[in-house]
Amino acid sequence: MPEFTATDHLMMTRALRLAERGAYTTRPNPMVGCVIVKGDEVVGEGWHQRAGEGHAEVLALQEAGKRAKGATVYVTLEPCAHTGSTGPCADALIAAGVSRVVAAMRDPFPQVDGAGFERLREAGIEVAEGLMEDQARALNRGYLSRLGRGRPWVRIKLAASMDGRTALANGESKWISGPASRNDVQHWRARAGAILTGAGTVLADDPSLTVRLDEDIAFVPPLRVVLDPGLATIARGKVREGDAPTLYIHAPDTKLARGISAQLAVVPVKAGRFDLAAVLKLLADRGINEVMVEAGATLAAAFLEAGLADEVLLYVAPVLLGSNARPLFDGLNVDHMDQVMRMETVETRLLGEDIRVLLRPRPSGARPG
């Protein structure tokens, strides 16, 4: 591992913050930030904003101009070495005459994966990689999940009372959480490539599953995905309204009604349930990096039970709904303590009167501590 200076850490931190600005717009591409330093001066910086547009390194080089010659470049992901919608960033850095490139991590994309570093080194440019790699990987966990595991990063969003209930027995749940929590959810939606729900939720709650931000912030509308084996919801609901696209996933034996215009996909059904791994593979093949699951207790539990949930985003409101109300999860079969599904608390935050808790399932057999 190369030795990095305090300046290296400072500049990579700046590059990571720049990369975060693309959280709502870069997909399916990764978020990337770049800072170019000459002596003690930042002479150029940029971040990848949209797929098909300039990469972070190219934008930073444009700002730096001739000052890039002999400079050090800090970039959160390995510069690309292939021609896609834009030219290779490695070639642009070589042409600019930079002397050193510090990268947080290698890009696992098959057409890059070390080729960018190799090209830079062959041109006589010093390359140091691995600075703040954990932070860079966390930033692009969805992109890395899609490439490495063949499925998106799955985040289950839930709102509950203090006694762990999500709705009254009759299904009424509006509004458990407060306005600060509901606004926060919109930001998580904006960074998701897809928002997924089940037919039961569409029939019961008629959600729109769109992003509604108070601020004037650019975002790419996430794909709305409805798991509906018999296509019972295809002709109704707010989920078909607005500019955001909607995909209906149905069972193989479903008969399609005439005159229905909608995006459709078929996924196998096992024992009356969708093959959720196949659902996620289908979404990964469509370039989806992160999926936000906003569904009922049964579907939420199914993702957890299948080992396909990476995070649980839980909003806890200071209310009590009572023992007759509906639970957070329905269908998790736990009979003994050694079957308990343990969660790791990643973050807690106060939002108005609510508490937001970000949780991740612990690996099987792991214990607290």
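Predicted model: local features only at pLDDT ≥ 70, side-chain atom pairs only at ≥ 80, totals over all residues.
I started with the two domains: the centres of domain 1 and domain 2, taken over C-alpha atoms, sit 35 Å apart. The chain splits into domain 1 (6-139) and domain 2 (150-361), with bounds from an automatic or database domain assignment.

Residues are numbered from 1 along each chain as its sequence is written, and side-chain values use heavy atoms, leaving out hydrogens and water.

Next I looked up the area buried between domain 1 and domain 2, and got about 850 Å², with carbon and sulfur atoms giving 50%. Buried area here is the accessible area (1.4 Å probe) that two parts lose on being put together, summed over both. On the domain 1 side, Tyr24, Arg27 and Pro28 lose the most area to domain 2, together 71% of what that side buries.

Last, I looked up cavities, meaning sets of points on a 1 Å grid over the protein atoms alone where a 1.4 Å probe fits but cannot get out. The largest cavity holds about 120 Å³ of space, a volume being the space filled by probe spheres set on the points, which are joined across faces, edges and corners. I found 14 residues lining the largest cavity, with Arg27, Met31, Arg191, Asn289 and Glu290 nearest its centre; lining residues have an atom within 4 Å of a point.

How values were computed
1 Å grid on protein atoms, 1.4 Å probe; cavity = no way out; pocket = protein on both sides within 12 Å on 5 of 7 lines; lining within 4 Å.
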